[in-house]
Amino acid sequence: MSTFKLDGREIPFEKGDTIIRAAHRAGVDVPHYCWHPGLSVAANCRMCLVEVAPPAGRPALMLDVLRWDAAKNEYVAEKKPKLVPACQQGVADGMDVLSQTSEHVKRARAAVQELLLLNHPVDCPICDQAGECRLQDYWLEHQGTKKRMHDEPVHKPKGQVFGPTIVYDAERCIVCTRCVRVSEELAGDPVLSVAERGNLNEIVVSPGRQLDHNYTLMTEHVCPVGALTSSDFRFKARVWFLRSVRSVCVGCSKGCNSYTDFDPRSLQVHRYRPRDNANVNKYWMCDVGMLDYRRIHEGRILEARTSGESTTRESALTRAAALLAGAGGKLALVLSAEHSNEDNAALFTLGTKYLGALAVFYTGRPQGKADGILLEADRNPNTTGVLSICPTAKPIAELGQAVAAGQVAFALALGSAVPEDATASALSGLQGLVVAATHEGTLPQAAHVVLAASSWAEAAGTFINSAGIEQVSERAIPPLGESSPAWKLFAQLGQKLGHPTSWKRPEQIQANAGSAASEVSA
Amino acid sequence: MAQALIDLIKRQFPSAVLETHSQHGDDTLVLNALAWKSVAEFLCSSPDAAMNMLVDLTVVDYAEREPRFEVVAHLLSLSLGHRLRLKARVGNPEGEGAAIASLTEIWASANWAEREAFDMFGVTFIGHTDLRRILMYPEFEGYPLRRDYPADKIQPLIPYREIPGIEKVAPFGRDEGMSFGRQVHARWAEDPEDPQAN
Amino acid sequence: MEPIDVEISEAELELPEEPMLLNVGPSHPAMHGTVRCVMELSGELIHRVDVQVGYLHRGFEKMCERGTWAQVFPYVDRCNYVSPMLNNVGFALACEKMLGIEVPERCQWYRMALGELARISDHLTCDGAMAMELGAFTPFLWMIKGREMIWDIMEEETGARLTHSFGRVGGMAAPPTKGFKEQSLAVVEHILSIVSEVEKLMFGNRIFLDRLEDVGVISGENAISLGWTGPCLRASGVAYDVRKAAPYLKYDEVDFDVPVGEKGDCLDRFIIRLEELKQSVRIIRQSLARMADSGPINVVDPRVMLPPKEEVYNTIEGTIQHFKIVMEGLKIPAGEVYSYTEAGNGELGFYLVSDGSGTPYRVRIRPPCYYITGGLEHVITGQMMADVVPCFGSLNMIGGECDR
């Protein structure tokens with residue numbers, strides 16, 4: 001195992017690693033602005049400078065510098081070792097790197113930090129990045145000194161709208177070019193570039209273009225300062241009021257890992273942030289997914305309905321039980337690829353084991369266009385999961401035939417959207433349709449009884465993505481309005497019909513079903 | 001620095017001392033909870049230690065650790081002038097099984113100190129003759145200084161009246177106050193239906 | 001109502017044999033705030049007493065875990081609320097011990113002077129209240145007048161008479177005002193004259209002395225075992241003062257004596273406080289003489305001190321420093337510390353546990369009068385009901401500190 005020494009600690013590395021990458025893997029932090037594990041190396045911020053001891057027998061590369069001597073009140077000549085950027089320097093076996101333990105490195109970091117703050121506007125009170133800003137964190141850790149410049153700082157354009165999602169502030173920008181590299185390397189659309197020179201440097205959008213590819217919010221995510229801000233999140237919430245849970249994006253079947261940030265006082269979800277997962281989404285999420293958090297609060301069904309009228313959950317359950325009791329052998333189940341394994345397993349167990357449903361269909365949102373990077377055409381998070389619960393489930397498009405053939409007259413459904421509009425006419429042909437839905441859509445529109453289900457952010461759920469990886473999404477907020485997790489609703493519905501569906505926790509559903517339980521992996 | 005004292009205890013009770021450390025001039029011994037009383041007795045009676053005052057006895061709740069609670073006692077010797085901090089860890093992550101021997105027979109100040117530790121954390125002191133709540137009223141349920149006891153929970157003995165249209169704002173309502181820092185020290189979104197709010 | 005004309009023979013008259021249960025408090029003039037004593041009396045003699053505290057429990061230790069380190073200062077102010085500056089200084093010293101920083105010398109003298117003024121105010125209140133409860137209203141008013149003068153100084157310096165929240169980690173909230181030295185010296189002069197008048201009035205009064213002497217005696221060993229510190233312990237003959245045993249600030253550079261009593265009765269506790277007050281005056285005079293008239297009060301450390309407002313509004317570094325300290329809290333490295341000072345009632349200890357963030361993990365306030373009130377049972381059992389008044393008064397139980 002090849003190792004190198006960082007501040008006296010042995011750290012293993014792989015071939016081709018740079019110092020900062022090997023340290024990052026070992027959990028050791030070397031301060032940096034422009035480096036990102038998922039992007040190419042730019043080495044323009046110079047914050048990650050470290051001192052590398054020369055190989056045995058060779059002298060260190062020394063530079064002539066002038067140091068201010070306060071005692072003599074003049075500059076004196078001195079030599080200091082040449083520092084190398086850790087993001088660019090490849091690691092060799094036995095290398096001896098000094099980071100925190102070197103005085104030269106500490107002075108270099110303080111100097112870099114001071115230079116970055118020279119022209120920085122005093123925007124902290126209004127800047128969205130406050131609370132998660134590297135300039136703030138590194139000032140406290142590495143600089144700690146006051147401003148020495150008495151001149152007017154350089155002024156640049158502020159509040160420039162780059163595109164529908166991003167606003168740029170040139171004064172705050174430290175020109176680390178992370179956004180430029182994200183646009184070029186991740187999105188494949190090199191629309192951003194650096195203009196002007198010296199301290200007038202700023203990021204510009206190519207003439208005649210807008211920042212409008214599918215990864216614009218990633219430019220905001222990688223920006224270490226408040227130069228790029230999301231116009232969606234701007235001025236909405238201060239980050240120190242937000243709590244995070246580890247969740248999974250439900251925008252498509254890629255299953256990108258995310259953090260759901262919500263305000264625990266108002267229980268409002270304010271944004272998603274990508275979560276690193278080397279196997280699924282690396283470090284990124286697409287704009288479609290990032291903005292998908294809005295669906296947690298928008299277009300929701302928060303009260304039960306019977307025949308289109310709002311009612312209590314109790315009376316809706318009673319009416320649903322009455323409907324299903326008379327279903328005979330003509331009951332169909334409709335699973336939903338939008339919902340978690342727990343919701344679908346509860347419906348499947350209730351339907352097949354207790355209600356004797358023979359036909360199982362599945363629904364989901366219509367297909368979209370894949371972008372070849374992260375966004376997939378299947379806009380449902382759990383198609384694989386649904387098919388693993390019931391491999392013989394048929395697409396809901398075939399429901400129309402079954403209704404026409406008289407095999408199906410009643411349906412117990414989960415979910416709100418259907419892939420094609422044609423299904424709506426099939427649904428209207430049903431004698432009884434009970435739907436547990438989170439959002440308005442074709443299914444609850446056609447339903448006789450609608451039960452308000454909780455969304456993915458209100459209950460923990462397992463989703464299987466298109467690659468077959470099972471992922472758990474944690475719960476952020478308690479159920480909104482009168483909604484309740486769908487798997488609980490099905491338990492209550494089963495009990496109304498006199499069946500022993502008494503699961504209080506998702507793990508118990510599997511035990512109740514008696515079928516092989518899929519292990520929930522964290 | 002009471003290094004000589006620590007060595008003395010280690011010699012006398014080789015299996016009881018789990019860790020020692022010294023931070024900011026305070027010497028700390030982490031003991032096996034079963035040896036709590038015997039070490040304390042030794043420290044009080046031995047002329048080399050002569051710890052005649054139990055300055056303070058309290059508990060710290062490390063909610064992610066097992067054992068969860070750390071019973072911390074500060075001892076002082078008025079004649080010899082040295083101080084020592086003794087610690088012992090008890091309790092499982094659910095907060096059950098937190099029991100340790102009482103020191104009331106050695107120092108009378110342990111009486112009220114242990115009552116408060118019991119009241120605030122639920123740590124039982126075996127051998128304490130009068131272990132009941134001291135700061136909270138007897139009908140209080142729960143142990144308030146535990147990390148999972150929500151700081152904004154109120155248990156009024158006389159319930160608030162239901163007056164339509166008047167919002168009795170409980171202290172630290174959901175949209176009041178500043179929840180500082182990024183850490184959360186209590187569960188924030190409790191689902192009354194869900195026994196395992198995750 | 002008709003008189004009951006019943007012939008009762010001697011043999012039928014049965015005197016009750018059970019002791020009487022009397023509930024004293026929590027709302028009772030003798031109970032110094034809110035303490036409930038459930039007493040078992042046999043005539044006037046107290047057989048057993050159950051001291052129930054907790055009526056002023058406000059959950060400070062839990063509240064401290066929700067804010068930042070600097071936000072603990074208002075909480076500790078409200079612990080021993082008759083000498084809040086001593087609590088502030090104690091907590092500031094505890095945080096500075098964990099951070100490993102020492103405040104500038106001028107601040108140390110300043111803290112000592114303010115602390116001793118607070119101690120004088122504490123002792124004036126205690127002895128004044130004790131005298132008043134025994135019927136001597138005049139010395140109470142004189143001592144309260146002295147306390148008012150001290151509170152005037154505090155108002156000049158800090159802006160508040162009682163709950164100043166003046167301490168900061170790394171210094172104080174503001175430098176001393178120009179008139180501080182002059183005013184303080186004049187005030188302590190006046191207080192000394194008040195005290196000597198009180199002594200002339202009280203110590204010649206036979207009733208006062210009879211009510212305090214040999215009442216509520218506690219031996220030194222019992223006091224030590226009960227965890228007593230401060231004037232109550234010293235009255236029992238144990239010469240333990242944190243300022244001498246483990247000097248902090250500049251207490252080892254000033255001359256003062258520590259009065260120690262002999263019998264451990266209420267009179268000793270009364271006199272000790274008056275004597276301590278005189279020693280505090282000595283300390284104040286010396287501190288003010290040695291305190292420089294100019295110079296920094298706060299340590300220069302961007303991790304803990306807020307920058308001046310001109311810098312906050314005009315430079316990015318000032319804004320960032322202000323932002324980090326206020327929003328995230330000043331960060332104290334992970335660890336634990338027990339720091340103790342001599343507060344009005346004895347050894348005020350702070351056991352702080354930090355997890356490295358700006359929010360305290362655990363703030364344990366070791367209240368001196370909690371343990372002293374724990375000994376109340378021991379002190380008044382076997383005394384007469386009327387002796388409870390001077391006994392409890394001499395212990396100086398401050399509800400805010402006892403219950404937190």
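User: What makes β13(A) and β14(A) count as a pair of strands?

Analyst: In this predicted model, β13(A) and strand β14(A), residues 257–263, are joined in the antiparallel sense by six bridges. Two bridges are enough for strands to count as paired, so six meet the criterion. Within the pair, Ser244(A) stands opposite Asp261(A) of β14(A).

User: Which strands make up the sheet, and what makes two of them edge strands?

Analyst: The sheet is open and has three strands, in the order β13-β14-β15 of chain A, with antiparallel pairing. β13(A), residues 243–248, and β15(A), residues 268–274, each pair on one side only, and they are the edge strands. From one strand to the next, the twist averages 30°.

User: Why are α3(A) and α13(C) called roughly perpendicular?

Analyst: Helix α3(A), residues 134–143, packs against helix α13(C), residues 316–328, at an angle of about 90°, and their axes are 10 Å apart. The label covers angles from 65 to 115 degrees. An angle of about 90° falls in that range, and the two helices are therefore roughly perpendicular to each other.

User: Which residues meet where α3(A) packs on α13(C), and how do they divide by class?

Analyst: From α3(A) come Gln136(A), Trp139(A) and Leu140(A); they meet Glu317(C), Ile320(C), Phe323(C) and Lys324(C) in α13(C). By class, this contact has four nonpolar, one polar and two charged residues.

User: Which residues of α1(A) are buried, and what do they pack against?

Analyst: In α1(A), residues 19–26, the buried residues are Ile19(A), Ile20(A), Arg21(A), Ala22(A) and Ala23(A). To be called buried, a residue needs 20 or more other C-beta atoms within 10 Å of its own. Gly27(A) follows the helix, and its phi is positive, near 85°.

User: What is the phi of Ala43(A), and where is the residue placed?

Analyst: Phi of Ala43(A) is near 55°, a positive value in a residue other than glycine. Ala43(A) is in the loop between α1 and β3 of chain A.

User: Why is Ala43(A) called partly exposed?

Analyst: Ala43(A) has 17 other C-beta atoms within 10 Å. A residue is buried at 20 or more and exposed at 12 or fewer. The count of 17 lies in between, so Ala43(A) is partly exposed.

User: How do you know whether Asp214(C) is buried or exposed?

Analyst: Asp214(C) has 12 C-beta neighbours inside 10 Å. The limit for an exposed residue is 12 or fewer, so Asp214(C) counts as exposed. Asp214(C) is in the loop between α7 (206–212) and α8 (220–225) of chain C. Phi of Asp214(C) is positive, about 60°, although the residue is not a glycine.

User: How do you know what kind of peptide bond joins Glu66(B) and Pro67(B)?

Analyst: Omega is about 0° for the bond between Glu66(B) and Pro67(B), and the bond is a cis peptide bond. Pro67(B) is in the loop between β3 and β4 of chain B.

User: Which elements of chain B give residues to the side that touches chain C?

Analyst: The contact takes 30 residues from chain B and 39 residues from chain C. On the side of chain B, the elements giving two or more residues are β3 (53–61), β4 (69–76) and α3 (110–121). β3(B) gives the most, with six residues. This side of chain B has 16 nonpolar, eleven polar and three charged residues.

User: What is the secondary structure of chain B, and in what pattern does it run?

Analyst: Chain B has three helices and seven strands, and along the sequence they follow the pattern α-β-β-α-β-β-β-β-α-β. Buried residues make up 37% of the 198 residues in chain B.

User: How many helices and strands are there in chain A, and what does its C-alpha trace span?

Analyst: Chain A has 15 helices and 25 strands. Its C-alpha trace spans about 100 × 50 × 40 Å along the principal axes. Of the 522 residues in chain A, 49% are buried. Among contacts between residues at least 6 apart in sequence, 66% in chain A join residues at least 24 apart.

User: What are the scores of the model, and what is the mean pLDDT of chain C?

Analyst: The model scores ipTM 0.87 and pTM 0.85. For chain C the mean pLDDT is 91, and 98% of its residues reach 70 or more. Where pLDDT is low, predicted coordinates should not be read in detail.

Notes
Residues numbered from 1 in each chain as written. Chains lettered and ligands numbered in written order. Predicted model: local features only at pLDDT ≥ 70, side-chain atom pairs only at ≥ 80, totals over all residues. Helix = DSSP H or I, 4+ residues; strand = E, 2+ residues; numbered from the N terminus. pLDDT = per-residue confidence, 0-100. Axes fitted to C-alpha atoms, helices over the stretch in contact; angles between N-to-C directions. Contact = placed C-beta atoms within 7 Å. Nonpolar A, V, L, I, M, F, W, Y, C, P; charged D, E, K, R; others polar. Parallel < 35°, antiparallel > 145°, perpendicular 65-115°, else oblique.
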